[in-house]
Amino acid sequence: MKKIIITLIIIAAVIGLIAGGAAFYVNSGYHNEFIDNYISNFKDNILNLRLKYELKKSENEENAVVDENSEAESVQTDGGNAQNEEEVKTSSVEQINENELPQVFELTCDPIALKGAANAKYDRYRNGILCVDESSINFFSNKGEKKWSVPIQISNPILKVADPYILLMEQGGNKICVLNNEKIIYEVQTSENILTGNISSDGECVAVTEKKYYKGAVSVYNRSGEEIYSRSFGSEYVIAAAVSSSRKLAVSLLNVTNQPVSKISFLDVSKTEADVEKTYENTIIYDLDFSQRTLYAYADDKMIAFNDSGRELWVNNFEGKTLKRYRKDSGDVRLLLFDNNNNAELAIMNSSGKEKQKISTDIIPDFCDICDGYIIFNNERNLFLTRMNGEYLAKYTPSRDIHMVYFIDSENILIVYNSSMEFLHTKKNNQ
């Protein structure tokens, strides 16, 4: 009976999606970080992901008592060695005295006023950070100096970086712009509204767009702005796409007829048919990222890596945990922020899919970032800098609520507030 009800709910969610359910979610005032992270890449299909998330949450709650009893039995059986203390660091941030930490934060420059700062898009770029609002793209040094600014009218911008290239897309609009520093390399006007997209390290980009009578389409553009590949999909929703420097294209597709089923199609831009297709049942793959010749796929219940020919390299199952946020460091090291039964878990994963370190906290952070082996995250209004092994280095408590924090480099960070920005750097604590 439960399966029948779930099936009916999924079908109803799809009907609601077509009728504008995603817009209802955005305007409802209710937000879930995991879903918001998904919306930032693709606003359609949001009800399907919402359904999947709530179903898993409900199942976790139903089994909570059983899990607790099983865990207690496991601890008794294993003599209390259920966790490897060398791999897991449990943080008691309430007991941390910032005056006793080895480093302190201090302002690099005066706060910078920026109307709508919380709605702008940011990303590390070379030795500074990019800030994109609806009227321009700006580049700041790690000291908060504005080095250049290019006027670009893009509402609801999508920002992607593959050094030295910068991709700007207008989500829900038709504009694409690719830059190298402040120089515009090419601009494209799409015929259909853009949902999401990506860029390769060679400056070629892929756009996921709406398509009349279809459930989505993808187009690939070369560095001259010429469309070199286009394909529409009619039986499955297009969720995400990525293109490699060798012109391998990966597309994530979603079918929700009976249950969520994700498929990754690996294509060559010189061909019309897929070279390889990989299918994952009861899973939603919502983001793709090529790094060199490796494709990383992010799903609601796992992370998967493939080579550019479509061969699966490894799978890391989240085992009931909810992925809330992820950030990439150099060397393909990734920081994953999980909600593990209302406890936070920050996991550092290497390019082989192995978790190198875990940091646990009692309060789930609103944001996190990683750079050169350093991690930054919040505990309510307090901001903490740690090493990957969980060693606390510095603490900062601003006078306002933080919207987001980004590493510029390992010694400098950007704090984004509602209508301003602050640039901080760390120094040795002499007290």
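Me: Is Tyr 298 buried or exposed in this predicted model?
Reply: In this predicted model, the relative accessibility of Tyr 298 comes to 3%. A residue counts as buried when that value is under 20%, and therefore Tyr 298 is classed as buried.

Me: How are the rings of Tyr 298 and Tyr 326 arranged, stacked or edge-to-face?
Reply: The centres of the two rings, those of Tyr 298 and Tyr 326, are 3.9 Å apart, and their planes meet at 10°. Planes under 30 degrees apart count as stacked, whereas those over 60 count as edge-to-face. The pair formed by Tyr 298 and Tyr 326 is therefore stacked.

Me: How many residues apart in sequence are the parts that Tyr 298 and Tyr 326 tie together?
Reply: Tyr 298 belongs to strand β21, which covers residues 294-299, while Tyr 326 belongs to strand β24, which covers residues 322-328. Because the two residues lie in these strands, their pair ties together parts whose separation in sequence is 28 residues.

Me: Which residue in β7 is the bridge partner of Ser 136?
Reply: Strand β6, residues 136-141, runs antiparallel to β7 and is joined to it by five bridges. For Ser 136, the bridge partner in β7 is Pro 151.

Key:
Residues numbered from 1 in each chain as written. Predicted model: local features only at pLDDT ≥ 70, side-chain atom pairs only at ≥ 80, totals over all residues. Heavy atoms only, no water. Pairing = 2+ DSSP bridges. Helix = DSSP H or I, 4+ residues; strand = E, 2+ residues; numbered from the N terminus. Phe/Tyr/Trp six-rings, centres within 6.5 Å; stacked < 30°, edge-to-face > 60°. Buried < 20%, exposed > 50% of the residue type's maximum accessible area, 1.4 Å probe, protein only.
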